[in-house]
Every structure is written in C-alpha cells, then in structure tokens.
Amino acid sequence: MTYCVAIAAFNAGETIADTLDSVLRQSVPPAEVWVVDDGSTDATAAIAERFGSPVHVIRQRNAGQAIAYNKAIEASVAPIIALVDADDVWLPQKMKLQLEALARLQAMSIVFTLHRTFRHGSDPDQS
C-alpha cells in the first residue's frame with residue numbers, strides 16, 4: 001500500500017532530523033513526506049529540505065498545527081496518510097504493522113498505536 005507522511009513542524013530544528021530519519025527508515029517506506037513548516041524561526045525547514053526526495057517542505061506563516069497538517073494532507077496524492085509530530089520517532093516496523101491492519105480489517109479507516117514517552121537523551125524506559 002502506498003502512503004504519505006504528514007508532519008506539522010514549528011521550531012522543531014532540534015528534533016525534525018530524528019523524526020525524518022525514523023520515517024524514512026520504515027521497513028515499508030513512504031511514497032512521499034510533507035513537512036509543513038508552520039512559521040518556524042529556527043532552521044526547521046532548512047534541515048528538512050536537506051533530506052531531498054521523497055521529503056517535500058511547505059513553508060507558511062504560523063497558523064497552528066491543525067492547519068499545517070491539513071496543508072500537508074491536501075498536498076498528498078497517496079491514498080493513506082500517516083501523521084507524525086515533528087518531535088516523535090517511529091520504530092522501524094510501525095507502518096508495516098499498521099498497513100497490515102488496514103488491509104486485514106477493511107472496514108477500518110483509521111489505525112493508531114500505543115506509544116512510549118521519552119525525553120531526548122534519556123532512557124525511554126525510565127520516562
């Protein structure tokens with residue numbers, strides 16, 4: 001299944017590279033990734049642009065996370081859209097498992113997962 005990843009980012013210069021690395025290293029990689037830089041005053045957009053294809057960056061004035069996600073969704077041509085915050089990371093099998101669930105249970109139109117909270121530089125099991 002083809003899917004797109006939408007990322008709303010505001011001043012995420014410290015985290016966006018880790019987020020994009022985790023998205024692009026999925027066992028089932030995305031067809032496209034749309035990062036909407038929501039008026040950042042740091043290097044968020046420049047860092048995302050360095051990734052090249054399939055990452056695309058849209059810059060806009062700060063309008064809020066929901067509007068940024070909607071802009072990314074509108075830009076996508078993929079039939080499935082995965083949302084990820086600009087300070088989150090995915091385990092490598094995340095999308096494979098979610099795509100399998102969508103295929104297996106065709107009546108579903110949304111899939112979500114459990115998550116683990118962590119702090120940058122700390123042990124994820126201790127947060």
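Analyst: Charges first, then. The protein carries 10 positive and 15 negative side chains, and the centres of the two sets are 3 Å apart. Here Lys and Arg count as positive, Asp and Glu as negative, with His and the chain ends not counted; each charge is placed at NZ of Lys, CZ of Arg, CG of Asp or CD of Glu.

Some housekeeping: residues are numbered from 1 along each chain as its sequence is written, and side-chain values use heavy atoms, leaving out hydrogens and water. This is a predicted model, so local features need pLDDT of at least 70 and side-chain atom pairs count only at pLDDT 80 or more, while totals for chains, interfaces and linings use all residues.

On confidence, the average pLDDT (the predictor's confidence in each residue, from 0 to 100) is 91, and 91% of the residues score at least 70. Over residues 122–127 it is below 50, and that stretch has eight contacts in the model beyond near neighbours in sequence. Contact means heavy atoms within 4.5 Å.

Now for the layout. There are four helices and four strands, and along the sequence they run β-α-β-α-β-α-β-α. These are DSSP runs numbered from the N terminus: H or I of at least four residues for helices, E of at least two for strands.

L99 counts as buried because its relative accessibility is 7%; buried means under 20% relative accessible area, exposed over 50%, and partly exposed in between, with a 1.4 Å probe and protein chains only. Setting aside residues up to four places away in sequence, L99 touches M1, Y3, V28 and I80. As for V111, twelve residues from L99 along the chain, the two C-alpha atoms are 8.6 Å apart.

The other spot is Q60, in strand β3 (residues 55–60). Q60 is a buried glutamine too, since its relative accessibility is 13%. Apart from neighbours within four places in sequence, Q60 contacts V36, D37, D38, G39, I67, A68 and K71.

Zooming back out, 37% of the 127 residues count as buried. Of the contacts with a separation of 6 or more, 64% are between residues 24 or more positions apart. The C-alpha trace spans about 45 × 40 × 25 Å along its principal axes.
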